[in-house]
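Hi,

Here is the structure I promised to pass on. Have a look at it first, then read my notes below.

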Amino acid sequence: MQGAVISGASLFVDPAAAAADPAQPDAHHGGPIGGGALNFTTDSAALHPDTVVSTACQFCNSNCRLKVGIRAGRVISVSGDPDDPVQAGNFCVKASMMPELAYSPLRLTTPLRRVSGAKGSKDSRFEPVSWDDALDLIADRLLRLRDSGQVKSIANRTTGRLPRGTGSLVARLFALLGSPNNTDVGPVCNDAGGDALATTFGLGNFTNGYGVDAATGREDLGAAKYLLFLGTNQAETHPVTFDYLLRSRAKTKAKLVVVDPRRTPTGAAADTWVAPKPHTDLALVLGMLQHIIARDLHDKAFVRRWVLGFAELRDHVKDYTPDWAAGVTGVPAATIRQLAEDYATAKPAAIFCNAGISHQLGAFDTYRVLTFLAAVTGNIGVPGGGCNFMHNTWPGDLRLPELTVATPPLEQALPVGPDYFAESILTGRPYPLKAVITEGNPLISSANTNKVREAFEKLDFYVYTGLFMEEAAYYADVILPVCSGLELDGVYMRRDDRAIRWQHAAVPRAGQCKPDWEIWIDLAHAFGRLDRKKPAGYWTDAFPQSWKDYSQLWAEFVEHTPAMGGMTQQRMDARAEPLRWPCPAPSHPGVSTLYLDHPSWYEAAAALGAPGKRFLTPSGNVEIFTPELDRKLAAAGHRALPVFYTHPEVTGANPTIAYEPGFVTNPVNPQAVTHKVRLGVPGSDAVHRDFPLMGMTGRPSVVHFASVTHWTPTGEQLNGIRLVQVHPDTARRFGIGDRDTVVVESPRGKVTGTALFWPAIRPDTIFVPNTFGPAQQVGDQFGDPRYEAVNGLVDDAFYDNLSGQQAYKCFACRISKA
């Protein structure tokens with residue numbers, strides 16, 4: 001069905017399979033919704049595209065390559081790329097929703113400024129203004145703060161939806177302005193995994209790649225003999241790469257093990273599904289490590305040559321036995337032993353993690369212990385192995401030419417998490433924020449939504465950039481309309497494995513929308529017009545107008561960013577397959593397996609400033625324990641060898657965490673401060689007298705990613721109801737029937753949803769989908785409720801003080817019939 005009109009009738013389309021069997025016009029890996037459709041479009045004069053544009057689906061981190069058919073200037077077809085052996089022509093249901101964004105009548109299409117109404121009120125009124133007027137208004141407010149000595153009260157938060165490189169422009173403008181508070185979406189996404197990988201191995205990136213490694217001619221992740229998934233529902237969050245793993249597994253007979261408190265479509269495909277209590281993965285992995293070391297199952301040669309701190313690790317885990325772990329996690333000790341033995345003896349074995357680990361109180365320490373698991377078994381730096389932790393940022397900094405002017409000294413940035421913007425606005429600690437720009441929607445994404453709402457009501461000046469009048473837009477003083485993914489030239493990255501490609505704009509920009517990088521360049525020129533203390537060139541020379549052509553901006557990144565010398569537009573544009581970073585020269589094939597003992601890796605390592613090193617740590621080895629690392633982490637209350645602790649709202653009165661007053665420099669993110677913690681303090685079960693269950697949040701289904709998919713008719717048609725997954729026995733205990741309207745309540749607040757009986761979830765746990773919000777009006781046509789954000793249930797007082805990661809994966813709660 002390649003090149004056909006896609007209507008959203010299926011969750012997963014395989015055009016290659018459909019074309020191979022004309023009697024079966026649609027092949028659905030994820031199961032049909034409403035059946036297939038006959039394809040008589042190929043030879044239709046009206047429906048044959050004038051041109052096919054190579055672009056990308058940009059709803060989620062998979063960033064699948066799309067072939068978009070254009071006829072009479074409009075999108076008439078969306079198909080995958082069969083020439084990419086990993087994608088194999090596939091994409092999920094979200095790809096067909098990309099044109100719905102581009103053509104939505106609800107799009108913001110002109111800059112707006114607030115005219116009247118209380119911040120946050122649906123009665124807020126805005127009027128259209130020109131781009132120059134909007135940017136002058138912003139520049140004037142920020143310059144007045146700078147000139148009054150309050151420059152650090154200005155902050156920006158980027159998001160994963162940004163075109164690549166925008167963050168570098170934001171950082172450049174903030175450096176010229178003198179504010180340290182240029183932040184990213186990491187605390188609500190996946191920073192902890194990257195932080196842990198960088199600490200242990202030297203780079204904070206997904207370690208292995210999908211497909212054939214061009215440097216060696218060998219399969220990488222497709223060669224795995226054991227696939228250990230913890231806290232990742234890849235079938236719904238990264239369906240194209242998961243399908244690739246399943247195709248490879250059919251050949252290798254690899255064992256697939258999924259660790260998740262509920263059975264997801266990923267778990268349904270597994271050989272073994274393991275259901276621990278939420279927020280107890282750290283105990284599970286410590287128990288596995290202890291068993292591997294006690295039974296002498298580690299890779300002695302690799303440990304002897306490449307690992308620092310094995311002896312200290314062996315002593316540290318001796319009491320973290322599988323029997324101990326069973327008491328914490330609820331997983332039988334025999335199961336933990338079997339997991340440990342199977343993982344240690346399978347060669348190679350790959351670990352995969354995503355937000356299910358990142359969104360835990362001990363995210364950094366849990367990820368660190370997972371890196372130990374890979375290291376002691378020799379499953380790092382090998383094809384088919386590795387620590388494949390999803391991370392939210394571009395691999396490596398995208399660098400621009402050095403500034404030619406002296407910039408103001410930067411004071412200490414705000415703490416990294418959980419949403420310290422709200423804390424700073426409401427309390428003035430450690431200092432107050434006065435002006436904030438966001439490229440995301442903090443009224444949906446941040447923990448303790450009610451607190452965030454109160455903060456943005458009181459914020460002096462707020463700029464929202466986005467596609468729609470989302471919840472956050474009603475708090476804005478200025479609203480800036482941005483382009484959707486089909487309206488952009490640029491690069492995009494399959495986040496899983498650093499795989500990067502070029503994309504072309506498929507449709508014209510909607511109204512007066514601009515891509516984000518242009519907005520920041522134009523904002524710099526507004527500073528140049530209005531600044532009375534600096535000459536105009538201070539701003540404009542740093543942001544040439546030529547960079548508004550993304551091809552020229554990308555060429556600057558390639559020229560100035562180490563290990564990217566081979567990633568030119570021309571090279572990427574000519575390839576069906578992506579090119580993986582690092583790729584230091586035009587002749588270099590790109591790196592699939594980080595830390596592979598191979599000349600291609602050592603060439604990349606040299607370009608990254610580490611000539612001769614296999615691992616890019618200070619020692620050049622895997623660093624499980626060193627005295628220097630131990631002292632560094634101790635400054636914030638952690639140690640190189642993590643102790644067990646968990647969220648205080650996990651049942652069982654487990655060891656937990658306490659935060660000390662005052663701030664210390666964050667050893668993982670030294671540009672910011674953080675609270676020092678005490679780990680392993682005694683916990684209490686008192687909260688569970690009134691709130692006996694544990695709740696988790698997460699993606700509703702493959703249909704949704706973040707909140708923008710809720711602004712498409714297909715998204716709301718397929719999944720516009722918040723379905724709260726609850727075990728039937730638990731539901732009956734609380735007098736709830738299947739599909740009853742229910743109230744889920746935590747000590748912070750309550751939300752509504754619809755009960756969905758799901759026998760494959762722990763009876764002590766419920767799952768409440770996130771990303772729903774009260775401004776999402778598209779669902780009105782289907783009679784969907786306007787839901788409050790689920791993060792109103794989540795306590796922002798408990799978070800990972802190193803990565804800033806917010807703890808969405810456990811909160812004490814109760815459920816009742818509405």
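Which backbone oxygen lies 2.9 Å from a polar atom of the side chain of Asn181? That of Lys152. Before more of that, some housekeeping: this is a predicted model, where local features need pLDDT of at least 70 and side-chain atom pairs count only at pLDDT 80 or more, while totals for chains, interfaces and linings use all residues. Residues are numbered from 1 along each chain as its sequence is written, and side-chain values use heavy atoms, with hydrogens and water left out.

Back to Asn181, which sits in strand 9 (residues 181–183); strands here are DSSP runs of E with at least two residues, and helices are runs of H or I with at least four, numbered from the N terminus. The side chain of Asn181 also has a polar atom 2.8 Å from the backbone nitrogen of Leu414. Asn181 counts as buried because its relative accessibility is 1%, and buried means under 20% relative accessible area (1.4 Å probe, protein chains only).

Now the cores, meaning sets of buried Ala, Val, Leu, Ile, Met, Phe, Trp, Tyr and Cys residues joined through side-chain atoms within 4.5 Å. The largest nonpolar core has 194 residues, and those touching the most other members include Tyr343 and Trp554. Helix 15 (residues 363–376) gives this core its largest share, ten residues. A second, separate core has 23 residues, among them Cys189 and Tyr808.

Finally, there's an open, antiparallel sheet of three strands in the order 21-22-23. Two strands pair if DSSP finds at least two bridges between them. Strand 22 (residues 499–503) pairs with strand 23 over two bridges.

Cheers

Conventions:
Buried means under 20% relative accessible area, exposed over 50%, partly exposed in between (1.4 Å probe, protein chains only). A polar contact is a pair of N or O atoms within 3.5 Å; within protein, one must be able to donate a hydrogen and the other to accept it, and residues adjacent in sequence count only if both atoms are side-chain atoms.
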